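Hi everyone, thanks for making time today.

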Amino acid sequence: MPQEIASLVVPITCLLNCRTCLSSHGIFDQHVALFVFGDSLFDPGNNNYINTTADFQANHWPYGQSYFNPPTGRFSDGRLIPDFIGLPLIPAYLEPGNNEFTHGANFASGGAGALIESHAGFVVDLQTQLRYFGNLENHYKQSLGDTKAQQLLSNAVYLFSCGANDYQKPFVKDHSIFHPYTHEQYVDMVIGNLTNVIKGIHEKGGRKYGFVTAPLIGCWPGIRMRQPGNTCSVETDDITRLHNQQLSRKLKNLEKELEGFMYTKFDISTSINNRMKNPSKYGFKEGEIACCGSGPFRGIYSCGGIRGIKEYEVCENSSDYLFFDSFHPNEVASRQFAEIFWNGDSKITEPYNLKAFFEGIPNDEL
């Protein structure tokens, strides 16, 4: 598997503006659409257009302050991982006025999980995101014709960030959610729902998939401030590790089970933990305290002052902080993660990287 772009005579900015830049330099000419599913790590603002509460929206200052004015609804001070992979920016599916989706669409919804019960009624759950994708498939068939629509969907890459909210909600909102199940049974339900969505996309022609692991949130500001003595939540991380192990096994099985199925998996859990433990190595000054929020570690989810708590603090330079708010990394971190996802080696991005999926390499050569 290629591990670096150094052999290509293109500007270094192509590492950051991946698809458009490489296309402009003739590295690949075949149009590769990007379809994005998941949660707040990927949500470009879909939650602006649903009936929900401020807890599930980020369309107010200081969100977006490093890049967007006005804020777009991204849970960050700026751009997210898909924004560095799919340029021009992949539009939010629910944003009014978006109707062509030439380069793909982003269905992700902050707070969403694989389980419908995860923040039900306040977010666009993963199954509904699949239904929206089905609607878009019909749109492509009507506008492009069946053959070109099928070609677009089979050439496309499908990105997923899903699982964190399925494990976060029981610890933040209602621990009794776990009571009828063992951790193994609960994880099986989450992986089962995710698998159903993957198979639904595969039935429509999807073949190339990118996944980020569920991050270990037990030491994140928004979890840690709730713990006795502000310690980390070991149980949260234990069940998330189980999820990531199950995800790895499931993806390997799907590779054998589904015709043409290929995937790349980025271990974002390790990447975030490395930056929390040694922030200066990655250009940060603070790896445990959020830039925006209140209380211990600024872990109270009050950034912006419209989520029931008006008082909050915001740091002077958000780029210095790994976490922008209680639960979300900043733009600098997202840029770093996108670079690893795009061009990473097999230690943290496996069995391929995203670059391999976008270069137009024939499926039978991957």
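**A walk through the inside**

Let's begin with helix α9: what covers its buried residues includes α2, β4 (208-212), α8 (234-257), β5, β8 and α10. Please keep in mind that this is a predicted model.

If you want to find them on the screen, look for I268, S269, S271, I272, N273, R275 and M276.

The largest one holds 48 residues, and the members that touch the most others are I85, L159 and L354. Which elements supply at least two residues each? On the strand side they are β1 (34-38), β3 (157-161), β5 (262-266) and β8 (323-325), and the helices are α2 (81-85), α9 (268-277), α10 (331-343) and α11 (354-358). With six residues, α10 gives the most to this core. Apart from that core lies another one, made of 42 residues, and F133, A149, F160 and L258 are among them.

Is D83 buried or exposed? Its relative accessibility is 5%, and buried means under 20%, so D83 counts as buried.

What does D83 have around it? Leaving out residues up to four places away in sequence, D83 touches R74 and L89. With R74 there is a polar contact between the two side chains, at 2.8 Å.

My last stop is a pair of helices. Helix α5 covers residues 164-172 and helix α6 covers residues 183-203; they pack with their axes 10 Å apart, at an angle of about 140 degrees. That angle is why α5 counts as oblique to α6. Which residues make the contact? From α5 they are D166, Y167 and P170, and from α6 they are Y186, V187 and V190. If we sort the residues of this contact by type, five are nonpolar, one is charged and none is polar.

That's the tour from my side.

Notes
Residues numbered from 1 in each chain as written. Predicted model: local features only at pLDDT ≥ 70, side-chain atom pairs only at ≥ 80, totals over all residues. Heavy atoms only, no water. Core = buried A, V, L, I, M, F, W, Y, C linked by side-chain atoms within 4.5 Å. Buried < 20%, exposed > 50% of the residue type's maximum accessible area, 1.4 Å probe, protein only. Helix = DSSP H or I, 4+ residues; strand = E, 2+ residues; numbered from the N terminus. Contact = heavy atoms within 4.5 Å. Polar contact = N/O pair within 3.5 Å; in protein donor to acceptor, adjacent residues only side chain to side chain. Axes fitted to C-alpha atoms, helices over the stretch in contact; angles between N-to-C directions. Parallel < 35°, antiparallel > 145°, perpendicular 65-115°, else oblique. Nonpolar A, V, L, I, M, F, W, Y, C, P; charged D, E, K, R; others polar.
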